[in-house]
Amino acid sequence: MSENNDGESRTDPADQEPIPMMQRLLDNPFLLLLLGILVPAVFYIIWGIIEITQIPIAE
Amino acid sequence: MANTTEFRTCPTTGLKVDLAAENLIKANAVAAIVFLAVGGLFGLLVALTRWPAVHFLPADWFYLALTAHGLDVLLVWIIFFEMAVLYFASAVLLGSRLAGPKWAWAGFGLMLVGAIITNIAVLRGQSSVMFTSYVPMMAEPPFYLGIILFAVGALIGCFVFFGTLVVAKQERTYQGSIPLVTFGALTAAIIAVFTIASGAIILIPTLLWSLGFVSYIDPLVYKTIWWGMGHSSQQINVSAHVAVWYAIAAMVFGAKPLSEKVSRMAFLMYILFLQLASAHHLLVEPGFSSEWKIFNTSYAMYLAVLGSMVHGMTVPGSIEAAQRARGLTKGMFEWLRKAPWSNPAFAGMFMSLVFFGFIGGISGVVMGTEQINLIMHNTLYVPGHFHGTVVAGTTLAFMAITYLLVPLIFRRELMFRKLAQWQPYVFGIGVAGISLFMMGAGTLGVSRRHWDMTFADAQLPFDYPAAAFLMMGLNGVFAVLATLGGIMFVVVVVGSVFFGRKLGRDEKPSYPEVPPQAAAVSHYGSSESLKIPGTVMLVGIFFVAFVLYYFVNWKYLSEIWPLS
């Protein structure tokens with residue numbers, strides 16, 4: 001928002017443009033934090049632990 | 001809530017600096033450098049012992065020194081400095097007050113106490129379990145307790161950083177998106193949270209095991225989760241030192257990223273995929289499927305490598321664009337020839353960039369490939385690789401930005417300027433030599449973490465090739481050179497911080513030169529210039545080296561593992 005000489009507020013056209021989804025993602029530190037924990041937790045730790053639990057016990 | 005935050009305005013950059021954040025940056029940086037000195041000394045002792053002609057320490061002291069070296073430099077020095085980077089990239093670059101400075105001090109206190117406890121535990125001689133502390137080797141309980149306290153302190157620091165981002169947004173201290181250096185620090189903080197959570201998940205039960213409350217820790221589960229901490233902690237470094245590269249490019253040249261969006265996407269690749277590279281430590285474990293190994297270390301890790309290659313192009317590219325805008329347009333490399341090579345901040349940053357890419361980066365991809373990993377798994381190639389990333393990459397970058405922090409944050413004139421000018425070269429060449437010769441010895445099969453490569457008291461004799469002994473001797477020589485560079489750094493920084501001339505309230509430091517355009521470090525925006533022929537040439541050289549080295553290793557594998 002900005003003001004003209006009469007003190008009336010007007011909306012800058014640039015402000016009205018929708019923010020692209022990717023920029024919204026990159027501007028959200030807590031969503032990034034969630035993704036940054038979830039991806040390695042699922043693909044590295046949880047998947048890895050599941051594979052370890054499936055190793056047969058030696059007889 | 002009454003806002004009693006005190007600020008000062010930096011006379012050089014015009015940045016608004018929260019004094020509480022400034023004091024925390026100072027405290028964390030000083031603690032970091034103390035532990036770098038201690039850990040570096042232990043590193044010299046390790047290198048002198050692995051130098052066959054010197055073989056300095058007896059076996060028990062060797063493993064003690066190796067444990068202390070790993071802890072103090074891989075974890076303590078780096079994480080303390082990263083806390084300083086987080087506070088700088090949030091409060092200072094966003095012109096905001098720091099969220100919860102008392103919490104930040106509590107975190108600092110826990111980190112300091114934890115680091116001291118673990119060091120004492122190691123020096124007592126009953127916890128020489130090395131940095132990895134693989135079970136069933138058991139250390140004394142204070143060893144694990146110290147690391148846990150240190151990690152909790154670091155976690156508090158990370159949440160102070162996140163809190164500061166919230167405060168800055170609410171109080172509108174910046175417009176639009178956060179600047180790229182802050183985004184890089186955010187990446188480091190996110191990876192740090194995953195790292196510390198992994199550490200807590202495995203080290204708390206291990207502490208209870210060492211106290212006798214838990215009877216058994218599965219070694220493979222331990223290794224898997226521990227590397228979620230052990231390797232990811234090095235990924236915090238990568239994110240932080242890439243942020244530092246961008247910061248130095250901005251502060252020395254007024255350089256803006258070529259494209260802020262592209263660089264942010266490269267950091268997103270780190271957030272999503274960099275931690276998965278932890279799996280390369282488990283590539284020879286029979287308990288995991290090839291799908292798990294290859295997905296984590298190849299497909300996913302290559303996306304993070306793509307991020308590194310983007311940064312590897314855009315950082316020098318942004319410097320070239322800034323230099324060309326100043327009129328240095330002759331030929332392909334005038335911008336680089338006439339760069340300020342006597343400014344230790346630039347020299348250290350640029351060598352960090354080159355060594356990280358050519359030594360640490362390429363070798364990391366080679367080690368992350370399941371088949372060719374077999375040539376060098378658990379050999380000295382591994383420490384050769386991570387000395388290329390963590391020491392030539394991260395430590396050199398952190399040393400470089402310290403030359404800017406001393407005048408701008410500590411407000412002291414830099415002392416011993418000639419020493420400061422030479423320091424990045426002495427340290428950088430020393431560390432590059434360490435990395436290359438360890439990698440060479442590892443390729444010849446020399447195992448890591450072994451006290452005696454001659455196997456003098458072994459019942460079954462074994463001889464490494466003579467070239468391996470040469471490599472280890474050269475490794476020792478370059479370790480001495482790197483130690484000399486480390487001592488030069490400590491002398492310059494400690495001397496300047498405690499005895500350097502105090503700068504007046506509005507006085508600008510005379511050295512290193514920081515132009516008024518340095519404020520670019522705190523703004524979101526791109527140079528949007530694609531006239532970077534010199535950088536394109538450098539990237540071309542990198543790709544040729546990358547492809548050649550990658551295929552040389554496949555050729556080598558075919559020779560030691562004949563299929564016909």
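These exercises, each with a worked solution, concern a predicted model.

Residues are numbered from 1 along each chain as its sequence is written, while chains are lettered from A in the order in which they are written. Because the model is predicted, local features need pLDDT of at least 70 and side-chain atom pairs count only at pLDDT 80 or more, whereas totals for chains, interfaces and linings use all residues.

**Exercise 1.** Find which helix gives the largest share of the side of chain A that touches chain B.

*Solution.* Begin with the contact, which takes 19 residues from chain A and 28 residues from chain B, two residues being in contact if their C-beta atoms, placed from the backbone, lie within 7 Å. Helix α3 (residues 29-53) of chain A supplies the largest share of the chain A side, 16 residues; helices here are DSSP runs of H or I with at least four residues, numbered from the N terminus.

**Exercise 2.** Describe how far helix α4 of chain B reaches, and how many of its residues are buried.

*Solution.* First take the span: helix α4 (residues 141-170) of chain B has 30 residues and reaches 43 Å from its first C-alpha to its last, close to the 44 Å expected at 1.5 Å a residue, where the expected span is 1.5 Å times one less than the number of residues. Next take burial: 21 of the 30 residues of α4(B) are buried, meaning that 20 or more other C-beta atoms, placed from the backbone, lie within 10 Å of a residue's own. Finally, look past the helix, where α4(B) is followed by R172(B), whose phi is positive, near 50°.

How values were computed:
Helices (H or I, at least four residues) and strands (E, at least two) are DSSP runs, numbered from the N terminus. A residue is buried if 20 or more other C-beta atoms lie within 10 Å of its own, exposed if 12 or fewer, and partly exposed in between; C-beta atoms are placed from the backbone.
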